[in-house]
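Below are my notes, point by point, to read alongside the coordinates.

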Amino acid sequence: MGSSQRKLLIVGGGSSGLGTALAAARRGWKVVLFEARDIGGGTSTTSTKLIHGGVRYLESAITTFRWSDWKLVREALRERKWMLESHPILCRPLPIIVPVESLGQKLYYGIGLKLYDFLSYPYRLAPTEWIPKEQFYEKFPTAKQGFIGGWLYWDGSFEDRLYAVHLALYLRQKFGVEIRPYHEVKEVEVTRGEVRVHVQPQGGGPYVEAGDFLVNATGPWADILRRKVRPHAKPRLRVSRGSHLVLRGLFPLSTGFLIPRTADGRVIFVLPWKENTWLLGTTDEEASQPEWNPAVPPAEEAYLLDYFRRYFTQEGEVSARFAGYRPLVAADAHGTTARLARNHVVEVWREERTINLLGGKWTTFRAMGEDVLRALYRYMLSEPMPEGEKVEKIVPDFSEKEALEAQYPQRILSDEPFTEGEVRFWRRIRWAHQPVDIVEGRWQLHLIDEKRAARLKSALEMQWDQLKEP
Ligand SMILES: Cc1cc2nc3c(=O)[nH]c(=O)nc-3n(C[C@H](O)[C@H](O)[C@H](O)COP(=O)(O)OP(=O)(O)OC[C@H]3O[C@@H](n4cnc5c(N)ncnc54)[C@H](O)[C@@H]3O)c2cc1C
């Protein structure tokens with residue numbers, strides 16, 4: 001059997017599933033990806049939007065000497081560079097400042113961040129530098145008094161949901177990957193030589209799709225699918241909820257700000273976000289079950305605002321809030337989730353022709369996909385993994401969308417820039433099943449301003465039937 005005939009079924013259209021699709025498609029596999037809802041609408045839209053090695057994981061690596069933490073930071077720093085170059089419109093380098101109150105802190109954070117620079121070699125973005133007090137307050141005029149300056153280091157930031165959608169479109173255009181949003185995998189059946197999934201599409205009849213292998217890339221829901229494959233499998237994941245707030249009415253921010261230590265050993269980021277808002281997050285609360293689109297609990301909102309007030313004199317208004325679940329691979333049943341390693345695990349079930357991709361982070365999504373393919377070749381096929389076609393940019397071709405936008409320039413609401421043409425495009429390719437997919441999934445308005453999102457959603461609901469494309 002030639003590799004071009006091999007068929008991979010992937011369940012989950014978040015960063016893990018898309019990373020796996022990229023790794024397989026560039027090696028000539030036929031790939032079908034099932035997503036129960038909208039592309040990138042799960043955990044992959046609720047991240048802190050950082051493309052980073054993780055200064056927090058570096059600190060953990062230093063204090064625990066855990067090799068897996070060092071590996072994670074180093075791998076993520078390499079992937080950070082690739083991601084920034086893969087879509088320069090949605091991903092950009094971001095300077096972040098660590099505020100410093102004493103000489104002891106200056107030394108501690110300075111050594112840590114220089115080490116971060118060192119580890120990123122040869123993928124460094126720009127050197128870490130000391131920002132003296134005067135410049136520090138020029139950058140953050142509403143920061144509380146008492147800082148002697150700050151360390152400025154570089155990471156990246158990106159629009160996570162749009163990146164997932166653009167990557168999916170790129171995979172479809174370039175490699176013919178079949179992406180099927182709103183197709184939920186209900187059951188998995190393994191027969192001799194193939195694996196079959198029972199799929200329920202939204203608004204359609206159920207069907208069965210067969211392939212050579214299955215990849216479970218369902219993020220925080222991975223244990224549910226694992227049990228459909230192996231009913232008695234022990235759960236591997238613990239999930240932790242992370243909440244964010246979006247603040248508006250503050251000065252435009254160009255540099256991020258790291259609150260380096262909370263009383264319970266976390267870090268909180270204050271980052272520039274779309275339309276001059278500020279993104280504040282995150283919490284880290286162990287949860288029993290992942291929910292879809294969870295609300296931000298009032299206690300977590302209060303916690304974030306409390307820390308914000310400790311560092312800034314001006315508060316702004318909370319215009320949006322969002323939460324998601326980190327899928328964390330539990331080493332044991334004890335310990336806080338903040339301390340669980342954020343590495344991914346590739347679990348190979350040879351007999352079931354299934355690979356479970358567990359945990360991980362957005363920044364390493366491509367490397368995670370490569371690890372799945374490496375395991376597939378090694379343990380399932382007993383062959384060396386071919387190099388595959390190089391992929392450096394994942395920017396899709398939007399000429400069809402642009403043509404529709406030119407043909408239908410009418411706005412959905414006169415005071416919002418969004419046009420009928422764009423709605424028609426996503427409906428034409430069957431990637432928008434309801435107004436929320438456009439308002440949240442393409443315009444990301446719920447992550448900027450909940451009231452504007454609600455207003456646009458109801459306007460779009462009224463026009464939905466007229467905006468249907470053949
Ligand atoms: C609060 C928070 C902050 C974070 N910040 C960062 C950050 O700044 N930088 C970073 O690199 N990483 C960050 N991460 C980590 C990163 O966001 C996640 O690791 C990553 O998005 C997980 O992607 P995933 O594809 O595994 O899961 P998901 O995005 O949740 O995708 C899984 C998909 O599977 C689908 N699915 C489930 N069951 C089925 C089924 N039966 N059939 C079909 N589809 C199904 C779901 O609908 C879902 O869309 C953060 C995570 C959280 C929670």
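1. Let's begin with the shell around the ligand. At least two residues of this shell come from each of α1 (15–25), β2 (30–35), β8 (183–191) and β17 (317–329). The largest share belongs to β17, which supplies four residues. Please keep in mind throughout that this is a predicted model.

2. How many residues surround the ligand, and which are the closest? The count is 39, and the closest are Gly12, Gly14, Gly42, Gly219 and Gly242. Sorted by class, the shell holds 21 polar, 12 nonpolar and six charged residues.

3. Why does the ligand lie between domain 1 and domain 2? Both of these domains give residues to the shell around the ligand, so the ligand sits between them.

4. Domain 1 also touches domain 3. Nine residues from domain 1 and six residues from domain 3 make the contact. On the domain 1 side, helix α6 (residues 160–175) gives the most, with three residues. That side of domain 1 is made up of five nonpolar, two polar and two charged residues.

5. The crossing of α2 past α3 is left-handed. From α2, the contact uses Tyr57, Leu58, Ser60, Ala61 and Thr64, while α3 brings Asp69, Trp70, Leu72 and Val73. By class, this contact has six nonpolar, two polar and one charged residues.

6. Now some backbone geometry to check by eye. Most peptide bonds are trans, and most residues other than glycine have a negative phi. Tyrosine 121 and proline 122, however, are joined by a cis peptide bond with omega of about 5 degrees. Proline 122 is placed in the loop between α4 (103–120) and β5 (129–132).

7. Another cis peptide bond runs from glycine 281 to threonine 282, with omega near 15 degrees. Threonine 282 is in the loop between β15 (277–281) and β16 (285–287).

8. Finally, which residue other than glycine has a positive phi, near 60 degrees? Asparagine 276 does, and this asparagine lies in the loop between β14 (268–273) and β15.

Methods:
Residues are numbered from 1 along each chain as its sequence is written. This is a predicted model: local features need pLDDT of at least 70, side-chain atom pairs count only at pLDDT 80 or more; totals for chains, interfaces and linings use all residues. Two residues are in contact if their C-beta atoms, placed from the backbone, lie within 7 Å. Ala, Val, Leu, Ile, Met, Phe, Trp, Tyr, Cys and Pro count as nonpolar, Asp, Glu, Lys and Arg as charged, and the others, Gly among them, as polar. A residue is near a molecule or strand if its C-beta atom, placed from the backbone, lies within 6 Å of it. Domain bounds come from an automatic or database domain assignment. A crossing is left-handed if the near helix is turned anticlockwise from the far one by less than a right angle, and right-handed if clockwise.
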